Amino acid sequence: MPRSKLIFAWVAAAVSIAAAISLGNWQTRRGDEKVALQAQADAAERAALLQIEATRESIETVARSLPRRVRVTGVFDPTGTVLLDNRMLGAVVGYQIITPLLLGDGLPAVLIDRGWKARGADQRLDTPTPPAGPVTVEGLAVPRPSTLLELGSTPKLNVPGIWQNLDYEAYEKVAKRSVARFVVRQAAAGAADGLRREWPAPSSGVDKHRGYAFQWYALAALILALAGYFGWKSWRQR
């Protein structure tokens, strides 16, 4: 093999090895991030329940200490409900139902993730109406619901309506009300409304990330071994 082609092959191998290692490192970091999130969630579950008072300071305190197990009292406003589409539970597609809880005049509403319900065969959903009057909700306050990749142009957003992902600024603009920068995942207790409240563990998928990382590192090692072997063989034949 001409020397120029040999050098080119080694450079290509080096670039491929660097890319494979970089992708392996990325998968490793993603796994580590999920482990850290799980540790935070576990700590939040062990922490004392925090009462969200009807004050802006109390709402902001929760927003600065997420995730956090909380209790909040207010009145549901079903006209502000949004359904997060294409949420899977097991192998079934459905919606996460997000409804604002009003704490008082002039205060940001607290968005409550009331749970999941399967989409019917006719692709429509009979959304359970939240209880009327003052209610107390307990659950885990998190920065936001799960997000999905959005492809194509963003559809027109309505409240109430079906959304792909929850965006706080967009919600405030459409709903014409301010909201806290967190969502409370309602606890399973008292789920007589037919909604399922089975929240995925933050660490779900860690083994998958670690498996992908191993594959990328193995590929880098294979390229290195092949480049070394064929490069050495070609060099000896010169």
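Which residue forms a salt bridge with Glu198, and how far apart are the closest N and O atoms?

Guide: Happy to! The partner of Glu198 is Arg196, and the closest N and O atoms of this salt bridge are 3.0 Å apart. The term stands for a side-chain nitrogen of Lys or Arg within 4 Å of a carboxyl oxygen of Asp or Glu. Glu198 is partly exposed, at 45% relative accessible area, and Arg196 is partly exposed too, at 38%. Here buried means under 20% relative accessible area, exposed means over 50%, and partly exposed lies in between, with a 1.4 Å probe and protein chains only. Elsewhere, salt bridges with shared partners link Glu169, Glu172 and Arg181 into one network.

A word on the basis: this is a predicted model, in which local features need pLDDT of at least 70 and side-chain atom pairs count only at pLDDT 80 or more, while totals for chains, interfaces and linings use all residues. Numbering starts from 1 along each chain as its sequence is written, and side-chain values use heavy atoms, leaving out hydrogens and water.

Helices (H or I, at least four residues) and strands (E, at least two) are DSSP runs, numbered from the N terminus. Glu169 counts as partly exposed at 48% relative accessibility, and Arg181 is partly exposed at 33%.

The whole structure has 5 salt bridges. Among them is the one between Arg71 and Glu138, with closest N and O atoms 3.0 Å apart. Arg71 belongs to strand β2 (residues 68-76) and Glu138 to strand β6 (residues 134-142), so the pair ties together parts 67 residues apart in sequence. Both ends are partly exposed: Arg71 has a relative accessible area of 29% and Glu138 one of 35%.

Now for the setting. The protein chain has 4 helices and 8 strands, running α-β-α-β-β-β-β-β-β-α-β-α from the N terminus. Of its 238 residues, 35% count as buried. Taking contacts (heavy atoms within 4.5 Å) between residues at least 6 apart in sequence, 66% join residues at least 24 apart.

There is also a nonpolar surface patch of about 730 Å², made by Leu23, Tyr212, Trp216, Leu219, Leu222, Leu226, Tyr229 and Phe230. Patches are built from residues with over 30% relative accessible area and no salt bridge, joining like charges within 9 Å and nonpolar side chains (Val, Leu, Ile, Met, Phe, Trp, Tyr) within 5 Å. Helix α4 (residues 206-236) supplies the largest share of the nonpolar patch, 7 residues. Tyr229 lies in helix α4, and its relative accessibility of 44% counts as partly exposed.

Finally, confidence: pLDDT is the predictor's confidence in each residue, from 0 to 100. The mean for the protein chain is 84, and 85% of its residues reach 70 or more. Among its elements, β8 has the highest mean pLDDT (95), while helix α1 (residues 3-46) has the lowest (80).

Conventions. Areas by Shrake-Rupley, 256 points an atom, 1.4 Å probe, with all protein chains shown as cover.
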